[in-house]
Amino acid sequence: MTNLTETGFGYTDGDVDTNIHNNGPTLNDLAAQRYSRRATLQRGGAAIVAATMGGSVLAACDSKITDTGAGPTVNAGADAATTSGRVVTLTGTATGGNGLTTAWSQISGPTVTLNSAASNTANFIAPSVSAATPLVFQFAAADAAGKPTTARTTITVSPAALGFAAVAKNKNDVVTVPAGYTVQIGARLGDPIVGGAATYKNDGTDTGYANRIGDHGDALFWFGLGTGSARDDTSSTRGLIVQNHENINQQYLHPNGPTSTGGVRPEAEAIKEIECHGVSVVEYSQAANGTWSFSATSTLNRRVTPNTPMVFNGPVKGSDLLKTPYSPTGVAGRGTINNCANGYTPWATLLTCEENWAGYFRRSGDNAARTAKEVTSLSRYGVTSGSGSYGWSTVTAADTANTTFRRWDARATAADALSDYRNEPNQFGWVVEIDPYNPSAAPRKRTALGRMGHEGCWPGAFVAGRKPAWYMGDDARREYLYKFVSSTAWTAADANATDRLAIGDKYLDAGTLYVAKFNADGTGTWLPLVFGQNGIDASSTVYPFANQADVLVNTRLAADVAGATPMDRPEWTAVNPVTGEVYLTLTNNNAANRPLNGTDAANPRHYNDPYGAAQTAQYGNPNGHIIRLKEANTEATTFTWDIYAFGAGADLNATNINLSGLTADNDFSSPDGLWFGRASNASGMVKPLMWIQTDDGAYTDVTNCMMLAAQPGTVGDGGARTITNTGSGGATATQATRVGAAPGANLKRFLVGPVECEITGVDTTPDGRTMFVGIQHPGENGAPATPSSHWPDSQATGTAGATVRPRSAIVIITKNDGGLVGL
């Protein structure tokens, strides 16, 4: 998410014997026999098929050569070793005879797809394995007389490992990736995605953002496309990228920055700012040469903005708490805003999450016109921001019937909720389900998942007959971790339904919302947020709840009453696709919200990380940490936990601060984005890769924000530890906690972003060979005439014209040899 600071109106996230003798069968006879016996393994494609070994070889021994004296002399190359996910190139040689034909085939081992098999050189991607596994390949050659000769080579594949050299910390105005990788630029702020939209000028005069890529690109997800608009979950060359647009760099959207006259914002400026928020759906494809591009005219392209009609589903639908002049029945709403992290469903819809929505609303001076419950609710969610962060409510619309701007004024100024927009804040803070394949389908706000500063909504394992769950962070300091468990057990056939939002109704509109309580002994409990349980009822002195709809609209208050553990700014959740363990980034906290004597086992540190040459004090937990949970299954109401990694500079105290033993290759601060490799490729199998992205302000004196790759262990691989925290006055206090095994070489920095950016949003194609990463708000602290970053224009050379304005954009990362990213 983006750290937002209000300034005026603006914010600032079995082998076959192949020794053939000259009196044996012909080459074609052998091929026919092999295909007859091994057809079900689908090995190969031409008369005798192939595979080969090259740049990714890690170890080798002597070659195996067969020379019959009557046919060609062939060499299949040395035996060698590699690891899962890497490109293996096998190179055979054949000499002697005339009119030689050659081919490769696989003899044993896990089946791989051989490319260019009917040649001397072929290649394949090393398959996922859990232990060292030999794969045997045969190289065959025949001369014009049909006399064949063969040779074999063995490639031993070991489990996946991080396969790149760590990127050094830097403050360059480029996206830096490891040697052997290439960066392409995808869609950028302002790029047209609807036919007829004008070319983007990037000088502040552009309009029509409802037909362009929005600002502050955040979480993203790849949805594969087959022919036409058909869904194809296996496609890695054509698909839709659905990306959130969390916020804006307001100053760059206008010629000379935002303006107001007498505290009133111009309508045209406000329209641009509003439309830059929301979600985009854009078609991408890869050419035969590996180049990626997006279509500006695809009929599947779509913008979802704060003005897009939406419907409410679940227990709060029709509640008095949702009623507004726009929707007197409380069943409809307009738009989504401040969309940060995301989630997905196996029926191929996106779950986008509304995060810091409260600051957009104008509300002050109307407590007397409110009930005590309303005031408590509004205060707990922070709807107390004066004129609102961008002043949209101050706009006088040219069309007096236009309430696009009036809706941002949440003051109680009329007789009831049907005459003003006092309830409009209740229409935000939800998880929103979008069908990316159906541009005409209205998004649905899923109220059963609660209302909060939703950072993400990531699913656990889907197991037939078991109720699925989604895990959610509430991104603010001292907020909570939540889990929603559906009332309906999973039926695998539902993954292929064509009415995808109807399947969402089935699994997302009824269930139990829980909040996490972390115990000091490394155990934890999921507390149900259900009316009538855990003190959540009308007798509560914190907030007298009326019914379950009231609980869900006021989820934070219900969690307060239930006794949840306040966390150090809980953001993205991610679930290990092999172990099912749940990871949560805790981005940071300050001294006020995590004081010396206010730590706990799950949030154990209070310390100082001095900033810059002035060594400015930063007390609290400025560098954050990543916690993880282990459950019996998604329906469990208890768990065990430990802390996977603590953010820290490598130079900080190893005994009490740098508890994970981070080095220059992997030190980081303020973890935010979090994602595991897809289970459809080696990066998400056996020991999956976990990607960590930062949204940092505490370590930016040393480096720009970054992305790291990890192969984490499991909960309990470390142990109990007691640390000593030190406050600003020198006072100390001890805290017991649970520390996971030090990451060591299983955590490396993979990418560093441009100046003043946040790295946020990551996914890959199903084959894991292309990665998409969001670069958000480069140059966020600059001015229109003096931008502090010029990215992405600076990507090619590191520099650009002095007045070139920065733009949020997607970067597309591929490995030059065609292997899996990160391996």
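Okay, ground rules. Because the model is predicted, local features need pLDDT of at least 70 and side-chain atom pairs count only at pLDDT 80 or more, while totals for chains, interfaces and linings use all residues. Residues are numbered from 1 along each chain as its sequence is written, and side-chain values use heavy atoms, with hydrogens and water left out.

Let's start with the sheet. Strands here are DSSP E runs of at least two residues, helices are H or I runs of at least four, and both are numbered from the N terminus.

Phe750 in β39 pairs with Tyr181 in β10 (residues 181–188), and the two are 569 residues apart. The geometry is edge-to-face, 5.1 Å centre to centre with 85° between the planes. For the cut-offs: rings of Phe, Tyr and Trp (its six-membered ring) pair with centres within 6.5 Å, and planes under 30 degrees apart are stacked, over 60 edge-to-face, the rest tilted. Both partners are buried (under 20% relative accessible area; exposed is over 50%, partly exposed in between; 1.4 Å probe, protein chains only): Tyr181 comes in at 8% and Phe750 at 0%.

By that rule there are 40 aromatic pairs. There's also a cluster made of Tyr360, Phe361, Tyr390, Trp392, Trp408 and Phe428. Phe428 has the charged end of Lys445 over its ring, 4.2 Å from the centre. That call takes NZ of Lys or CZ of Arg within 6 Å of the ring centre and within 35 degrees of the ring normal. Arg678 does likewise over Phe221, at 4.8 Å.

Last stop, helix α6 (residues 555–562). Six of its eight residues are buried, so the helix is largely enclosed by the rest of the structure. Among the buried ones are Arg556 and Leu557. The buried residues pack (heavy atoms within 4.5 Å) against α3, β24, β25, β26 and α5. Just after the helix, Gly563 takes a positive phi of about 95°.
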